[in-house]
2 protein chains.
Amino acid sequence: MNGAESLLKSLVASDVEVCFGNPGTSEMHFVAALDAVKEMRPVLGLQENVVTGAADGYARMAGKPAATLLHLGPGLANGLSNLHNARRASSPIVNIVGDHASSHARYDAPLASDIAGFARPVSDWVHSSTSARSVGADAARAVAAARSAPGQIATLILPADTAWDAAESVAAPLPLLPRMHADGSTIDRVASALKRGVKTVLLMRGAALLGDALTAAGKIAAKTGARLVCDTFAPRLERGEDRVPVERLPYFGEHAAEFLAGTELLILVGARPPVSFFAYPDKPGWLTPEGCEITVLTHPHEDSAAALSALMEAVDARGAQARVTRREAIALSLDGALDAKSIAQIVAMHLPVNSIVADEGISSTLPHYEILNNAASHDFLNLTGGAIGSMMAVSTGAGIASPDRKIVTLVGDGSAMYTVQSLWTQARENLDIVTVVFANRGYKVLNNELLRVGAASNGPGAAAMLDLGRPALDWASIGQGLGVPAFRARSRRAFEEAFAAAMAQRGPRLIEAVIE
Amino acid sequence: MNGAESLLKSLVASDVEVCFGNPGTSEMHFVAALDAVKEMRPVLGLQENVVTGAADGYARMAGKPAATLLHLGPGLANGLSNLHNARRASSPIVNIVGDHASSHARYDAPLASDIAGFARPVSDWVHSSTSARSVGADAARAVAAARSAPGQIATLILPADTAWDAAESVAAPLPLLPRMHADGSTIDRVASALKRGVKTVLLMRGAALLGDALTAAGKIAAKTGARLVCDTFAPRLERGEDRVPVERLPYFGEHAAEFLAGTELLILVGARPPVSFFAYPDKPGWLTPEGCEITVLTHPHEDSAAALSALMEAVDARGAQARVTRREAIALSLDGALDAKSIAQIVAMHLPVNSIVADEGISSTLPHYEILNNAASHDFLNLTGGAIGSMMAVSTGAGIASPDRKIVTLVGDGSAMYTVQSLWTQARENLDIVTVVFANRGYKVLNNELLRVGAASNGPGAAAMLDLGRPALDWASIGQGLGVPAFRARSRRAFEEAFAAAMAQRGPRLIEAVIE
């Protein structure tokens, strides 16, 4: 057994079953060991941001980490922006980053770089293995670090000689730290606050938005009149028919401030106090209304499900009837022009039960978020860290974690270009993912932002940086080129036909929805 | 005038004329200012590795820095691997990275990250502006840092308020440090060594491989019998007909060791002692033969052109006749199977004089490097830092710097997928770039590496990480989808026809050369 095999077997022993990767020469022993460790499933991405984004999506759906395999500093660097998003999603990930053999480090060869330096801004845990004999134990520590609540990024640097030298053993998994529970005094404090009957918002994120925790929140709301609100970009939430509806904090700070106006008590459930996404001249950054009391039920690393259950008991809401979403008829003529709203309506109509929606539609979907709730029950995944190029990769990993669920990616054309390579992995793994590209031929959100920041100009210089229409991206060809059957829809009727057909068949599809 | 305008005008005053970028909300004042500062040409890339790679290519051809405009930490992160390559190319680049307004920093908003942390591993100079009133001066300092010999990466972080607040002035350019000359004693020392008549290699990189410096090296070689050798991946060299031929240090360490065997004196001209690209079990990393003396004519930051000229005088070689490349007839039947060699031959046949070749063909071009020298005179650009996904972006920037020169990018399919978005910028800017994709449907170099590192297996697990054939990438569709006329060639005849046609017309083209 060499170090690579010890590493792989130790990862498997710690319940890591999937490795998304794009290896290079320094990772060849790891690659070779994949044939000796069949319990590890290798999944290739054609650029590392696909790899890391897929690991994020996998973690969100599987609730446990995948490994990534990255080639030296540049391979890690290519995947950093989706690791940034994963960090903001609290997704557990174990990065394995190859390095030059330790004997080679002194030469500053062309591919040498400060790998730990690249890793630190996105990693909660960074370690460079020093010996093949310790690499298995290092892997177990990396998995434990990644699984620390609420989910962390662990980066293990693997010098080539620690992969090729002889190793002794497979490391046993480390015990996980028990998740912190909110103690009785916290429950009592929050329950008393809730019983005061003031205007209250429960701001929720993480496990609070799933399963029984969400139902408990619904009962608390029914009993106390509190509003249920989630972060604008929660990593994952359950929505649609029969699910407890949760209001979304608006994206723009001034809208969020208006939305929260009058709130007297803000209870944080795995969330942090709301702040605006960006700063603007003369607009607020801190969004909690003046005079509003903030109290914490759970910090992000604490167990929101247990706390909500206890809180439900404490406010005597177990028997309360939580409000749930009922679907309404959608009034849509198929003769009108295709636009973002009609696309959202058609998606909501046809979305199958238990599907997954991954949203990076930005200016095309933010205004139509409620329309998408008028659908069969589904999981909704958001772009958490604001680094575009996330959700096509997240879908890819979600498809590996949840092969029996239909996945719909909603993505703007600007975003879709960032990790367009995701489509190829979706084709290769025959994932059941339908990508809807909102082809508005521009970074439309930025045209709005240009006005919002009070910038005076919108001339050709600015347009050169914001317009994608010259030349127009031909998404049908791009999808086809990457192995995904692709269709272009310019009308509501054509989009409905293509989308309904994609819902009825298994396998990757792309629909370019032209909404110029 | 606001800070953004002061910044842009100060960059222009320091002779920065092009800004490759992909902005976001925090950069909107900079974008707006582009309409007030017409002397700055904005060029959009659809992913930041295109942006930074283009800045590298621009610098290699223009000999001066472009600016990049990047959106916060993730935007910088997406461009890091090509900044790694640019750093290895000693290309001067000024990165402008937007940041949240300083008032917003305390909130740890979703897009907040450690920007300086991302920047440091690739940057020689990092600074975060603190005021709109100093941002112009900061820009001048950044340009001076970038232009410090031999060319550096300077990263200026621009909090949004330093762009939108009122500014006072445009900064004057800073004086550049004079380039260090090798002093007389160095010239004497190297000349004496050369005159000893031992087996000598001049290992050259940087300015030594261009223009009069290259001619001087040729004369020195003619006079003294020294071999002229360049680094395996020199950033830029002049090759082809009538140019002084320079041997290339072989890629694989054991080949390089064999190539240098018997060398008694190694003279470094802007180069560093040769080391292998990767480490392998039981193969050498340090490639200078045992007992060989190493002497330095110029370090990378010193003036190799001046030193070679002085050395030419010192060894009395001014009147010597430098050997130059004469083209030979190429014996190629158009009836044989299309393969990497025949592609290189056809490229060499049709390459127009004064063109630029950007090479990331890896396993397809490394063995045929000499064939490509049997061509009209041209500049040859290499992947310097080993991070794949470089040269299509480098070509894009070279096309902006040298709009009147035909550019041919030779790229493997694995590499081409990395920054495939480059094609769109080539189409948008109507650059005269022909991309030849060697479609061998795999990371072929890694199949070789798997054997070289002594890894035993080549089973389905390993293949899952190395094979690109399932599904096959359809480059004709991909090119078309990104706005570049694209053709597929499966035979020598078809390739020759497509390539000759592309040489005869101006504008971007892609040719998928299928060599399965």
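Predicted model: local features only at pLDDT ≥ 70, side-chain atom pairs only at ≥ 80, totals over all residues.

Start by selecting Gly469(A), which is partly exposed at a relative accessible area of 33%; buried means under 20%, exposed over 50% and partly exposed in between, with a 1.4 Å probe and protein chains only. Gly469(A) sits in the loop between α18 and α19 (475-481) of chain A.

Residues are numbered from 1 along each chain as its sequence is written, chains are lettered from A and ligands numbered from 1 in the order in which they are written, and side-chain values use heavy atoms, leaving out hydrogens and water.

Next, select 444-452 of chain A, helix α17, and pick out its buried residues Leu446(A), Glu449(A), Leu450(A) and Arg452(A). (Helices are DSSP runs of H or I, at least four residues; strands are E, at least two; both are numbered from the N terminus.) Those four cover an arc of only 160 degrees around the axis, so they are on the same side of α17(A); the arc is that of the directions from the helix axis to the C-beta atoms. What covers them? Show α11 (253-260) and α18 (460-466) of chain A, plus α2 (28-33) of chain B, which are included in the cover; contact means heavy atoms within 4.5 Å. Just past the helix, Gly454(A) has a positive phi of about 80 degrees.

Time for some rings. There are 18 aromatic pairs over all chains, counted for Phe, Tyr and Trp (its six-membered ring) with centres within 6.5 Å; planes under 30 degrees apart are stacked, over 60 edge-to-face, the rest tilted. Zoom in on Tyr369(A) and Phe380(A), an edge-to-face pair at 5.4 Å centre to centre and 90 degrees between the planes. Tyr369(A) is in the loop between β13 (355-360) and β14 (378-382) of chain A while Phe380(A) is in strand β14, so the pair ties together parts eleven residues apart in sequence. Phe380(A) is buried, at 0% relative accessibility.
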